[in-house]
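Look at the sequence and the structure below. The paragraphs that follow go from the whole chain to single side chains.

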Amino acid sequence: MGLISQKDVSSLSVSEMTGQLARIQSQADGDAAVALLDDYDRLLLNSAINSYSKEKDISISDIAKELGIGRTYLYNLLDSNQIEINRLRIIQNYLDINILSEDVIDLYIRDLKEKLYGKSYDSNWKEKCCCIKVDQYYLLEFLLPAMKTQVNNWEYYISLSDESDKSIFGNVASDDNYKFTKMIKYVEDLDLDWAEVQEKFHANLKSDFIYIPIDPLSSYWADVEDLADENIYEYCDALASDIKNQLEKASSKTEKEDLDQCIAFFEKDLRKTLDKCHKEFNKQLDKEYEKIKTAQEKILKYMSTNERLERKQSHWPLELLDFAENLENNTIPKKEKKLNNNAKK
């Protein structure tokens with residue numbers, strides 16, 4: 001593998017207990033990335049091999065065979081200064097060890113993303129989303145659970161489909177799942193005090209508002225809207241039902257009147273307030289959707305009319321707005337693939 005003009009992707013931290021952790025080095029000439037090994041890394045690998053050999057009572061040759069390589073090649077790997085990443089992955093999993101730290105792996109993946117995306121790569125996805133105002137109680141109690149359900153459902157459906165090949169990354173739901181997972185994590189990372197939000201809302205049917213970044217074009221939102229709406233009604237009905245059970249056992253007139261008021265509160269006031277939160281969120285969502293959808297239609301019409309293709313296939317909503325205003329720069333001329341002579345015949 002060529003090592004000219006390589007870019008080192010590494011953490012400079014040094015462990016006082018074990019020495020410098022292995023680093024990852026990407027190859028400028030297109031070869032596979034490698035893990036750079038020092039004396040401690042080689043010691044760990046050799047020790048792990050010997051330990052595994054004794055534990056399983058098998059020879060080094062047997063281990064090499066199970067790893068899909070020759071005995072001599074295995075010894076060469078264990079004494080080398082670098083190991084190709086995929087080969088190291090196989091060895092690490094086989095021996096149940098890890099010589100790469102999490103931060104080194106993250107740095108490598110970040111660098112790989114930049115290489116794959118090129119100049120267009122920008123990890124700050126929140127700045128490329130529409131921001132929508134939402135009631136905190138409605139968000140935590142109904143919207144967030146509905147969003148999680150959609151992601152979980154699609155992950156389950158895909159696991160049962162023909163697209164569940166673990167060696168292939170990407171499927172019909174991966175883009176929506178990726179974006180929804182980002183949005184879900186954003187809300188969770190806000191670290192809102194659920195007990196405080198709940199107490200404040202139940203006291204006067206009011207809670208604070210917050211802005212969250214979303215992509216309104218996802219097909220998931222229709223199911224999220226239906227599910228959240230259904231959960232609101234079930235939630236209010238369940239609370240009212242509990243009070244109705246208490247009402248049947250009530251003996252005094254005063255107690256019955258109080259319970260009747262509670263039932264009315266859950267069936268009318270609470271439901272009305274939650275419905276309002278739900279409709280307001282979806283009203284904003286629809287407004288942002290129409291804005292982005294209009295830009296998307298403008299882009300598609302331009303590309304169809306001018307025989308051009310988009311430079312980038314996946315976009316966050318605000319990127320589409322910018323795309324629509326810079327159509328020529330964001331597209332390239334379409335070039336049909338020529339048929340070979342056999343295909344023409």
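**From surface to rings**

The protein exposes about 21,900 Å², and carbon and sulfur atoms supply 49% of that area. Accessible areas come from the Shrake-Rupley method with a 1.4 Å probe, and for residues only the protein chains shown count as cover. This is a predicted model, in which local features need pLDDT of at least 70 and side-chain atom pairs count only at pLDDT 80 or more, while totals for chains, interfaces and linings use all residues. Residues are numbered from 1 along each chain as its sequence is written, and side-chain values use heavy atoms, with hydrogens and water left out.

The protein has twelve helices and ten strands (DSSP runs numbered from the N terminus: helices are H or I with at least four residues, strands E with at least two). Of its 345 residues, 36% count as buried (under 20% relative accessible area, 1.4 Å probe, protein chains only). Among contacts (heavy atoms within 4.5 Å) with a separation of 6 or more, 70% are between residues 24 or more positions apart.

There are 16 aromatic pairs, counted when ring centres of Phe, Tyr or Trp (its six-membered ring) lie within 6.5 Å. Planes under 30 degrees apart count as stacked, over 60 as edge-to-face and the rest as tilted. The pair of Tyr52 and Tyr94 is tilted because the planes are at 45°, with the centres 4.6 Å apart. Tyr52 lies in helix H1 (residues 39-56) and Tyr94 in helix H4 (residues 85-95), so this pair links parts of the chain 42 residues apart. Both Tyr52 and Tyr94 are buried.

Rings also meet charges. The charged end of Lys133 sits over the ring of Phe209, 4.5 Å from its centre, and that of Lys179 over the ring of Trp316, 5.0 Å from its centre (NZ of Lys or CZ of Arg within 6 Å of the ring centre and within 35 degrees of the ring normal).

Conventions:
Buried means under 20% relative accessible area, exposed over 50%, partly exposed in between (1.4 Å probe, protein chains only).
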